[in-house]
Amino acid sequence: LFFYSHSNTPLLIFLFLLFAVVSIVGYVYILRRMSNEVSVIQNGLNQISENNLSYRIEDHFQQEDLAKIAHSINSMTERLNHNINLAYYYEIKQRDAQLSELQAKFNPHFLYNSLEMLRSRCQQNGDSASAKLITDMASLFRGLISSRNFIPLTEELSFSRRYLSLFSARY
């Protein structure tokens with residue numbers, strides 16, 4: 001009876017060991033597969049960390065979550081690259097604006113020097129009325145070119161007097 005009841009025991013032990021070996025092999029296979037997919041993401045992050053922002057991680061993964069992570073990293077890299085390009089564009093625009101500002105400052109300086117030269121010649125030739133008009137015109141231009149946002153009322157009134165003086169000399 002004992003041998004009869006234990007006659008299937010070797011078969012059961014064999015099946016148990018076979019199931020255990022298959023489970024361990026399956027576990028190792030899945031673990032390696034996941035490890036390979038994670039290493040693909042790690043290699044992609046290493047490429048991106050070396051300022052290779054055009055690198056894209058392939059998102060053909062067996063694990064759906066890893067594919068989502070890869071897609072998110074690719075989207076983040078695209079946005080980062082876009083923002084860097086925008087920052088570069090705005091830096092160039094800022095430098096262009098600074099150059100334009102420098103040129104704008106140079107041109108009025110030439111104008112003021114020329115007007116001062118004309119005023120001094122008028123003064124030397126005894127034409128003080130023309131010298132006064134040229135002085136008013138130079139002051140008017142300085143007020144127009146000024147980049148201040150707030151102008152006191154006294155300066156605004158002075159500007160208006162000069163303008164009216166030039167306007168009346170015209171007629």
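The side chains of Asp136 and Lys132 are joined by a polar contact of 2.9 Å. A polar contact here is a pair of N or O atoms within 3.5 Å; within protein, one must be able to donate a hydrogen and the other to accept it, and residues adjacent in sequence count only if both atoms are side-chain atoms. Please keep in mind that this is a predicted model, in which local features need pLDDT of at least 70 and side-chain atom pairs count only at pLDDT 80 or more, while totals for chains, interfaces and linings use all residues. Residues are numbered from 1 along each chain as its sequence is written, and side-chain values use heavy atoms, with hydrogens and water left out.

Asp136 sits in helix H4, which covers residues 128-145. Helices (H or I, at least four residues) and strands (E, at least two) are DSSP runs, numbered from the N terminus. Is Asp136 buried or exposed? Asp136 is buried, because its relative accessible area is 4%; buried means under 20% relative accessible area, exposed over 50%, and partly exposed in between (1.4 Å probe, protein chains only). Not counting residues up to four places away in sequence, Asp136 touches Arg162, Ser165 and Leu166, where contact means heavy atoms within 4.5 Å.

Leu133 belongs to helix H4 as well. With its neighbours within four places in sequence left aside, Leu133 is in contact with Ser165, Leu166 and Ala169. Leu133 and Asn81 are 52 residues apart along the chain, and 57 Å separates their C-alpha atoms.

Tyr163 and Phe167 are 4 residues apart in helix H5 (residues 153-170), so about one helical turn separates them.

| Residue | Relative accessibility | Class |
|---|---|---|
| Leu133 | 27% | partly exposed |
| Tyr163 | 44% | partly exposed |
| Phe167 | 36% | partly exposed |
| His6 | 38% | partly exposed |
| Asn51 | 68% | exposed |

## The nonpolar cores

Which residues make up the largest nonpolar core? Its 9 residues are Ile41, Ile48, Leu53, Ile57, Phe61, Leu66, Ala67, Ala70 and Ile73. A nonpolar core is a set of buried Ala, Val, Leu, Ile, Met, Phe, Trp, Tyr and Cys residues joined through side-chain atoms within 4.5 Å. Helix H2 (9-49) and helix H3 (64-124) are the elements that give two or more residues to this core, and H3 gives the most, with 4 residues. A second, separate core has 5 residues, among them Leu115, Ala131, Ile134 and Ala138.

Leu53, a member of the largest core, is in contact with Ile48, Thr77, Leu80, Asn81 and Ile84 once neighbours within four places in sequence are left aside.

The buried residues of H2 are Glu37, Ile41, Gly44 and Ile48. At 1.5 Å a residue, the 41 residues of H2 should span 60 Å, and the end C-alpha atoms are 58 Å apart, which agrees. That expected span is 1.5 Å times one less than the number of residues in the helix.

His6 and Asn85 are 79 residues apart in sequence, with their C-alpha atoms 77 Å apart in space. After H2 comes Asn51, found in the loop between H2 and H3. Phi of Asn51 is near 65°, a positive value in a residue other than glycine. In general, most residues other than glycine have a negative phi.

## The chain as a whole

The protein chain has 5 helices and 0 strands, giving the pattern α-α-α-α-α along the sequence. Its radius of gyration is 42 Å, well over the 16 Å that the globule rule gives for 171 residues, so the chain is more spread out than a compact globule. The radius is taken over C-alpha atoms, and the globule rule is 2.2 Å times the number of residues to the power 0.38. Along its principal axes, the C-alpha trace spans about 145 × 30 × 20 Å. Of the 171 residues, 14% count as buried.
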